[in-house]
Amino acid sequence: MRPTAVSRAPSGHGSAEVGSTRLALAGQEWAEAELARPDLTRAELARAELARVDLAEVEFAVIDLETTGWSPQAAAITEIAAVRVRGGRRLGEFASLINPGVPVPRGIEDLTGISDWMLAAAPKLAAVLPGLLAFASGCVLVAHNAPFDVGFLSAACAECGLTWPGFTVLDTVMLARRVMDPDEVPDCKLGTLAGFFRARTAPSHRALADARATADVLGWLIRRLAHRGVRTVSQLSAWPDVVA
């Protein structure tokens with residue numbers, strides 16, 4: 001499968017209000033302090049400006065990867081996908097299989113359904129990665145368990161001689177742990193949250209399906225943030241486990 005980019009038209013606890021007010025103040029102070037610094041690069045200034053935009057207007061690039069293992073030092077990417085969304089509306093999609101140059105372990109093949117045969121004619125990582133970075137340019141990057149995906153992508157950039165753009169990154173696992181009530185879901189796995197919110201796409205351990213499911217979950221989590229008075233990325237910066 002060649003890389004594809006498709007354009008498409010497309011309740012909290014009792015103390016939440018006070019906590020949200022403190023969160024909002026901390027985030028606003030952070031954004032103002034960043035914009036006031038004379039030493040910031042153009043990219044850093046763009047990030048600071050983006051952090052002040054209402055979450056309903058921010059463009060997010062929701063990503064997901066499939067890999068041959070769990071560590072970028074010992075495994076390789078086999079599939080990559082991204083869904084660009086704003087206000088819950090899908091604006092475009094990017095997806096590609098990737099030939100990792102190494103065999104897919106049997107356990108991983110059983111989990112994802114991705115086999116060596118499927119990847120034999122797929123492009124190499126260096127042919128796909130620039131397109132993904134261009135597709136996500138200007139967005140807040142989102143992933144479910146973001147350290148995993150970002151770890152692989154930043155390592156991939158180093159391998160391919162590309163500069164990691166330094167995206168603002170939002171982790172939907174950590175955000176869900178902040179805004180979901182304990183009696184609503186037993187855990188914050190993607191499948192659990194997608195089922196709870198009745199996501200339009202069920203996750204399936206394939207990159208595009210999981211990115212679509214994550215995008216739907218993100219939309220519902222942002223609605224919950226709005227009810228708490230949290231409306232910008234800068235406000236979320238008070239939760240460093242959620243936004244980096």
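Contacts are defined here as heavy atoms within 4.5 Å, and pLDDT is the predictor's confidence in each residue, from 0 to 100. The structure is a predicted model, in which local features need pLDDT of at least 70 and side-chain atom pairs count only at pLDDT 80 or more, whereas totals for chains, interfaces and linings use all residues. Residues are numbered from 1 along each chain as its sequence is written, and side-chain values use heavy atoms, with hydrogens and water left out.

The protein chain has an average pLDDT of 85, and 80% of the residues score at least 70. With helices (H or I, at least four residues) and strands (E, at least two) taken as DSSP runs numbered from the N terminus, confidence is lowest in helix H1 (residues 16-36), at a mean of 47, and highest in strand S3 (residues 77-86), at 98. Over residues 6-21 pLDDT stays under 50, and the model has 28 contacts beyond four places in sequence for this segment.

Five aromatic pairs are found in the whole structure. Rings of Phe, Tyr and Trp (its six-membered ring) pair if their centres lie within 6.5 Å, with planes under 30 degrees apart counted as stacked, over 60 as edge-to-face and the rest as tilted. Trp-164 and Phe-167 form an edge-to-face pair, at 5.4 Å centre to centre and 75° between the planes. The pair of Phe-196 and Phe-197 is also edge-to-face, because the ring centres are 5.1 Å apart and the planes lie at 85°. Ring pairs link Phe-196, Phe-197 and Trp-220 into a cluster.
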